[in-house]
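Here are my notes on this model. Please read them with the viewer open.

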Amino acid sequence: RGAGLRTPPRLPEIAMSEACPPSAPFFGFMGVTGAIVFANLGAAYGTAKAGVGLASMGVMNPSLVMSNVLPVIMAGGLGIYGP
């Protein structure tokens, strides 16, 4: 054998059967993409709603602003760890 020459790995039999069509990876990755997109859209919406609430809390009762930062942090965590 020459240096750097390898035989390509063989696909399992299930990957070449009717149980796993060739379009399966596409739909799998589209599902992952959808989960990430919708989780980040929800996190953006939650951050916007929490930011508006935090701003109105700063106007109405400035002493409680720091205790109401938690929703903004949780919405950011949803964006990072959502899916």
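1. Contact here means heavy atoms within 4.5 Å. The model is predicted, and the points below should be read that way.

2. Start with helix H1, residues 24–60. Its 37 residues should span 54 Å at 1.5 Å a residue.

3. Which residues of H1 are buried? They are Ala39, Ala43, Ala50 and Leu54. Their packing partner is helix H2, residues 70–81. On spacing in general: an α-helix has 3.6 residues a turn, so residues three or four places apart point the same way.

4. Look at alanine 43, a residue of helix H1. Its relative accessible area is 7%. The cut-off for buried is under 20%, so alanine 43 counts as buried.

5. What does alanine 43 touch, leaving out residues up to four places away in sequence? Ala75, Leu78 and Gly79.

6. Now turn to the surface. Phe26, Phe27 and Met30 make up a nonpolar patch there. Together they have about 340 Å² of accessible area.

7. Methionine 30, one of the patch residues, also lies in helix H1. Is methionine 30 buried, partly exposed or exposed? Its relative accessibility is 43%, so methionine 30 counts as partly exposed. Alanine 43, in the same helix H1, is buried at 7%.

Terms used: Residues are numbered from 1 along each chain as its sequence is written. This is a predicted model: local features need pLDDT of at least 70, side-chain atom pairs count only at pLDDT 80 or more; totals for chains, interfaces and linings use all residues. Side-chain values use heavy atoms; hydrogens and water are left out. Helices (H or I, at least four residues) and strands (E, at least two) are DSSP runs, numbered from the N terminus. The expected span of a helix is 1.5 Å times one less than its number of residues. Buried means under 20% relative accessible area, exposed over 50%, partly exposed in between (1.4 Å probe, protein chains only). Patches are made of residues with over 30% relative accessible area and no salt bridge: like charges are joined within 9 Å, nonpolar side chains (Val, Leu, Ile, Met, Phe, Trp, Tyr) within 5 Å. Accessible areas come from the Shrake-Rupley method with a 1.4 Å probe; for residues, only the protein chains shown count as cover. A salt bridge is a side-chain nitrogen of Lys or Arg within 4 Å of a carboxyl oxygen of Asp or Glu.
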